[in-house]
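Subject: A structure to look at, with notes

Dear colleague,

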Amino acid sequence: MRFIAFAAAVTLLCLFLGRAAIMLTARRGADRDANADEGRVRVVIDAGHGGEDGGTSGGGLTEKDVNLAVAESMYDILSAAGVECVMTRTDDRLLYDKYGDLSDYTGRKKVYDLRNRLRIAEEHEDAVFVSVHMNYFASKKYSGLQVWYSPNDASSRTLADTVQSTVRKYLQPDNDRETKRAGSAIYLLDRIRTPAILVECGFLSNDEECKRLGDSDYRRSLALVMSEAVMEFLCGRDSA
Ligand SMILES: [Zn+2]
């Protein structure tokens, strides 16, 4: 199983670098013409929760830590491929006081944290937003990655479908989940205007999946597959 995952990861990496080279060549061409692409952020990577908000937990793992590990790997992979990215957080904290709006955030930490994640997304209006989370359900039997998409930009669904199908193809052949349209319960996807998805990477409530999510090799494979999907989406968008 480990070997299959590794072989899949290597194959993906080759595909990914091939794509990255095509994209970079296209970018250089565009830069020569317009010199406008330099430093343009293409992806905002959001590690969900942080600090006093651990998110869900299971098997000794806390969601906020797994989210950050996957988000950091995505940042490294996409940056190495020449895709400009930013992360909403790079350490273990909530973002409620990022802009210093209030002197006292008592009782308002969660709402200001979400507001500020949205604000970061809005600062990069050409970028796509990828929020990384882990799932939990009372019944332990459920497993598998699930992608939610924002209803506000039609291409959010395309991005979600690309991530869901790429994960099915390379990592989870038995995953028959469909992408889901987010409602008002998902604050960020409900309000964001740019193409945006929230990826529930796996269930910490499922013993087997939780064990995999605790393995750094598996988390890197997951990040690689999701990065490949994001690249595919960006390439499609650039050539449209
Ligand atoms: Zn979460």
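Helix α4, which covers residues 155–170, is made of 16 residues and reaches 23 Å from its first C-alpha to its last, which is close to the 22 Å expected at 1.5 Å a residue. Please keep in mind throughout that this is a predicted model. The buried residues of α4 are Ser156, Leu159, Ala160, Thr162, Val163, Gln164, Thr166, Val167 and Tyr170.

Next, the strands. An open sheet of 6 strands has the order β4-β1-β5-β8-β6-β7, and its pairing is mixed. Because β4 (85–87) and β7 stand at the edges and each has a single partner strand, one side of each is left without a neighbour in the sheet. Helix α7 packs on this sheet, where it touches β1, β5 and β8, and its direction makes about 150° with that of β5. Helix α2 (residues 63–80) lies across β1 (43–47), β4, β5 (128–135) and β8, and runs at about 145° to β5.

Strand β6 runs antiparallel to β8 (residues 196–203), to which 4 bridges join it, and the bridge partner of Gln146 in β8 is Glu200. With β7 (residues 180–181), by contrast, β6 runs parallel and is joined by 2 bridges, and here Tyr149 stands opposite Arg181. Between β6 and β7 the chain passes through helix α4, and this β-α-β crossover is right-handed.

Finally, which residues of the largest nonpolar core touch the most other members? Of its 57 residues, they are Val43, Ile197, Val199 and Val230. The largest share of this core, 10 residues, comes from helix α7 (residues 216–239). Leaving aside residues up to four places away in sequence, Val43 touches Leu78, Val83, Cys85, Ala127, Val128, Val130 and Val230.

With best wishes

Note on methods: Residues numbered from 1 in each chain as written. Predicted model: local features only at pLDDT ≥ 70, side-chain atom pairs only at ≥ 80, totals over all residues. Pairing = 2+ DSSP bridges. Right-handed = clockwise from strand over helix to strand, strands pointing away. Core = buried A, V, L, I, M, F, W, Y, C linked by C-beta atoms within 7 Å. Buried ≥ 20, exposed ≤ 12 C-beta atoms within 10 Å, placed from the backbone. Contact = placed C-beta atoms within 7 Å. Expected span 1.5 Å × (residues − 1). Axes fitted to C-alpha atoms, helices over the stretch in contact; angles between N-to-C directions.
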